[in-house]
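Colleague: Please go through this model with me, term by term. I would like each label set against its cut-off.

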Amino acid sequence: MGNSTTAPGSPASATPASASGTAVRAPGSPGRKSGRQTAKNGPSAGSRASGSSHAERVFLVQTAFAELGGSAHGPGEIAEFTGLDDSVVYRILQSGIYQRIFERVDRGLYRLCTSAAQLAFTALDHRLDGTVTQTVLQELRRATDGGLAFLYMVAPFSGAQRQCVDMAVGDSDLAELGMTPRDVLSVTRSLRTGASGRTILAYLPEVLQQRVLAEPVPDQAGPGVYRDNDALVASLAEVRDLGHALGYEECMAGWNSCAAPIMWDGSIMGAVLLLKLKSVMPVAPDNVIEATKEAAAELSRYGAAGPDAGQA
C-alpha cells in the first residue's frame, strides 16, 4: 500500500419506415451521410467500423456506451465513435429500448439500462467461491512467511473503486496492527492509493482513469501516497510493463505491499495484495513478488475458465 515503485525486471426490429422506405430519424438528430469513415476515437476504432452484420452493429453500439463513459449519449456521438451511420445507430437504440438494453433519459439522449448490469452479474456468477479464494490467499501467506494477504475486486456500485472481499491474516487482529475500519473501508476504496488500487487502475479504460485522477487523495492516506498525477500515471505504465506494483506506505504508515492484477477475459477484475510491516519488508524481495503474481494468476485462471479451472 506507498509511493509505489515496481521492482526492476521484475434481434432487434427496425423503427417504422415511411412509404418510400426511408427510416424515421431521431427527433432533433439530422441524418448524416452514409458510408461514414472509420471512427476517430477509441483504441479499436478501425476495427469497429468494419462490422457488417446487424448483430455486430448492435454490439458496437453497446460497447460505445462502455468506452465513451459519462451518463448518457446521443445517436450522433455514438455514430461518430463507432463509424456507423446515424440512422443505423438510432434504429438500434430504439429497438434496444424495447429489449431493455437501452433507456431514453432525455430528448435525444440514451444510456445503458440496468438490465445490462444484470447480464454482467450473470456472467460473473460462480466464477469464484470462498473456498477457492481462501486456499489461494492462505498459500500466499505461507509462501511469504506470514504476510497478510488480501483480495480486492472492482466495486460494482460505487464507480471506479475497489472493495476487499477476502483476506488471509491468520490470528492477526487488524486493529492491533493499526488498521482501523476507516483504513479498510475508506482509504482503501480509492484506486489512486495503494499497490492494489493502482494495479486495478492501470488496466481500466482511460475514461475511468481520468475520473479517478480527478478525485482528491483520501485524507487518511499514508505518507507514501502519490499526490502528483503525472507520477501516478507513470506508475501505471510500470504496472502494465511489469505485471505488478510495489507500494511503500501508500495507505498506512509503516506498511509496504506488493499487488498483482486479476484478469478475466481480458478485463481487470481485481488484485491480490500482500502486505508486510516496513520494518520486516523495507523492499519486496523477488520471492514475494513472484508469489503474489502467481496467486493473482491462479485466481485469473479460475475466473476466466470457471470453478473447475484449477482441476484441468
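**Helix packing and an aromatic pair**

Modeller: Helix H3 (residues 75–82) packs against helix H4 (residues 86–98) at an angle of about 115°, and their axes are 9 Å apart. Axes are lines fitted to C-alpha atoms, for helices over the stretch in contact, with angles from 0 to 180 degrees between N-to-C directions. The model is predicted: local features need pLDDT of at least 70, side-chain atom pairs count only at pLDDT 80 or more, and totals for chains, interfaces and linings use all residues. Residues are numbered from 1 along each chain as its sequence is written, and side-chain values use heavy atoms, without hydrogens and water.

Colleague: Which residues of H3 and H4 meet?

Modeller: From H3, Pro-75, Gly-76, Ile-78, Ala-79 and Thr-82 meet Asp-86, Val-89, Tyr-90 and Leu-93 of H4; contact means heavy atoms within 4.5 Å.

Colleague: How do the residues of this contact divide?

Modeller: Six are nonpolar, two polar and one charged. Ala, Val, Leu, Ile, Met, Phe, Trp, Tyr, Cys and Pro count as nonpolar, Asp, Glu, Lys and Arg as charged, and the others, Gly among them, as polar.

Colleague: Why is the pair of Phe-150 and Tyr-152 called tilted?

Modeller: Their planes are 35° apart and their centres 6.5 Å. Rings of Phe, Tyr and Trp (its six-membered ring) pair if their centres lie within 6.5 Å; planes under 30 degrees apart count as stacked, over 60 as edge-to-face and the rest as tilted. The 35° therefore falls in the tilted class.

Notes. Helices (H or I, at least four residues) and strands (E, at least two) are DSSP runs, numbered from the N terminus.
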